Structure formats: structure tokens, C-alpha cells
Amino acid sequence: MELPLIIRPVAGLTGDMFFDLCQANSQLFMERDKDGNIIVMAPTGSDTGNYNFEFGLELGIWNRRSKLGYVFDSSSGFTLPNGAVRSPDLSWISKSKWESLLETERKKFAPICPDFVLEVRSLSDDLNDLQNKMKEYHENGCSLGWLIDRIGRKAYIYRKDGSVEIMEDIPVQLSGEDLLPGLIVETNF
């Protein structure tokens with residue numbers, strides 16, 4: 001497992017400056033934690049990219065039919081209420097929540113926490129780091145999160161009430177529950 005490169009906080013680096021840094025270095029995948037550390041991560045392998053795409057396709061088809069919100073891929077950054085800038089592998093935001101943002105806010109790292117997030121563990125990911133990221137999403141207002149650990153062959157479901165369910169049956173059937181009504185995704189690891 002490759003550890004991400006962590007660049008300690010730079011005094012005076014504003015949110016706009018971090019956005020510009022990311023745009024000027026688009027070949028790098030960067031996030032920023034609540035303490036201002038910049039995290040540079042390796043791209044996923046092709047197999048993980050395909051796996052993420054298949055989840056995105058399922059969510060996209062469901063969303064196109066339901067018209068309840070907006071789907072975002074892993075290249076989308078969001079500024080969470082705690083100040084962190086995160087890019088989930090896949091995310092969804094309700095229509096009313098997204099449309100309440102100003103157009104200028106939508107063009108950068110929107111100041112919003114997605115209602116739903118998916119993180120898929122790749123070979124370069126540390127499970128504890130991903131679990132902490134899922135907790136961070138929850139603490140910042142995320143209602144439902146799925147963490148798929150393909151290495152450990154488990155799925156973790158993070159719910160709004162703070163509970164975490166661990167599923168190990170194969171295939172795993174994930175439900176969008178009340179947030180994404182009617183969404184069912186069946187997956188093998």
C-alpha cells in the first residue's frame with residue numbers, strides 16, 4: 001500500500017487559492033483536511049476505476065428516473081462545514097440542497113456536504129483513513145454512506161443516526177433506504 005503524500009498547512013492558503021492550486025495541477029488528485037493539510041493521493045487502478053464507474057452508472061440511472069438530485073464523480077470537490085475539501089468516489093446531493101447554492105459556489109468546491117457518499121477502497125488506500133473520512137462525512141451532515149472494502153471483502157453502511165452496519169455476505173445488496181428510495185445495488189467484491 002502506498003501512503004498518500006501529506007503537505008503540512010501553508011499559512012494564508014485560502015479556499016480560493018487551494019481551488020486554483022488544484023486547477024493548475026489537475027494531474028494531481030488532492031484533498032485538504034480540516035486542519036489544512038493537503039493530501040495528494042495516487043490514482044486508483046483500472047479495476048477499481050471500473051468498479052466505481054459501475055456504481056456511478058447504477059446511481060445515475062436511478063437518479064435520472066427519480067429526478068431527486070444530482071450525482072457527482074470522484075473529480076468533484078466539496079468544502080465541508082468543518083473546512084475540509086473532500087472528493088468522494090461517488091456522491092449525491094438532493095435537488096433542493098444543490099439548487100439552494102449560488103451558481104458561483106457550484107463552480108468551485110461547493111460549500112456543502114453530500115447527502116450520500118461512496119468510497120471504494122483501492123490498493124493504495126488505508127482502511128482506517130477511509131473509515132475516518134466516512135465519520136467526517138457523517139459529522140458534517142451526510143445522511144448515508146457506503147464504504148466498500150474490496151480487499152477485506154466487506155461493505156460498511158454509515159447511517160444518519162450514527163450507526164454503522166458491516167455486511168460480509170456475497171453478493172452484498174446495498175439499499176438507498178429512505179434517502180434514495182428504490183435504489184438497490186448488488187455487488188461482488
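Mentor: A disulfide here means a pair of cysteine sulfur atoms within 2.5 Å. Keep in mind that this is a predicted model, where local features need pLDDT of at least 70, side-chain atom pairs count only at pLDDT 80 or more, and totals for chains, interfaces and linings use all residues. Residues are numbered from 1 along each chain as its sequence is written, and side-chain values use heavy atoms, with hydrogens and water left out.

Trainee: OK, and how many disulfides does the structure hold?

Mentor: It holds 0 disulfides. Cys142 is in none either, with the nearest cysteine sulfur, that of Cys113, 5.2 Å away.

Trainee: Are Cys22 and Cys142 buried or exposed?

Mentor: Cys22 is buried at 10% relative accessibility, and Cys142 is buried at 6%. The cut-offs: buried is under 20% relative accessible area, exposed is over 50%, and partly exposed is in between, with a 1.4 Å probe and protein chains only.

Trainee: Switching to the inside. Which residues touch the most other members of the largest nonpolar core?

Mentor: Phe55, Leu59, Phe116, Leu118, Trp146, Ile148 and Leu174, out of 20 residues in that core. By nonpolar core I mean a set of buried Ala, Val, Leu, Ile, Met, Phe, Trp, Tyr and Cys residues joined through side-chain atoms within 4.5 Å.

Trainee: Which elements give two or more residues to this core?

Mentor: Helix H2 (46-66) and strands S7 (90-94), S8 (116-121), S9 (144-149), S10 (154-159) and S12 (172-175). H2 has the largest share, 4 residues. Those labels are DSSP runs numbered from the N terminus: helices are H or I with at least four residues, strands are E with at least two. Apart from this core lies another, of 12 residues, and Cys142 is among them, as are Leu127, Leu130 and Tyr156.

Trainee: What about Gln131, what is it in contact with?

Mentor: Leaving aside neighbours within four places in sequence, Gln131 is in contact with Leu147, Tyr156 and Tyr158, where contact means heavy atoms within 4.5 Å. Gln131 lies in helix H5 (residues 127-139) and is buried at 17% relative accessibility.

Trainee: Now the rings. How many aromatic pairs are there?

Mentor: There are 9. Rings of Phe, Tyr and Trp (its six-membered ring) pair if their centres lie within 6.5 Å; planes under 30 degrees apart are stacked, over 60 edge-to-face and the rest tilted. One of the pairs is Phe116 with Trp146, edge-to-face at 4.9 Å centre to centre and 80° between the planes. Phe116 is in S8 and Trp146 in S9, so the pair ties together parts 30 residues apart in sequence.

Trainee: Last topic, backbone. What is phi of Arg153?

Mentor: Near 55°, a positive value in a residue other than glycine. Most residues other than glycine have a negative phi. Arg153 is in the loop between S9 and S10 and is partly exposed at 41%.
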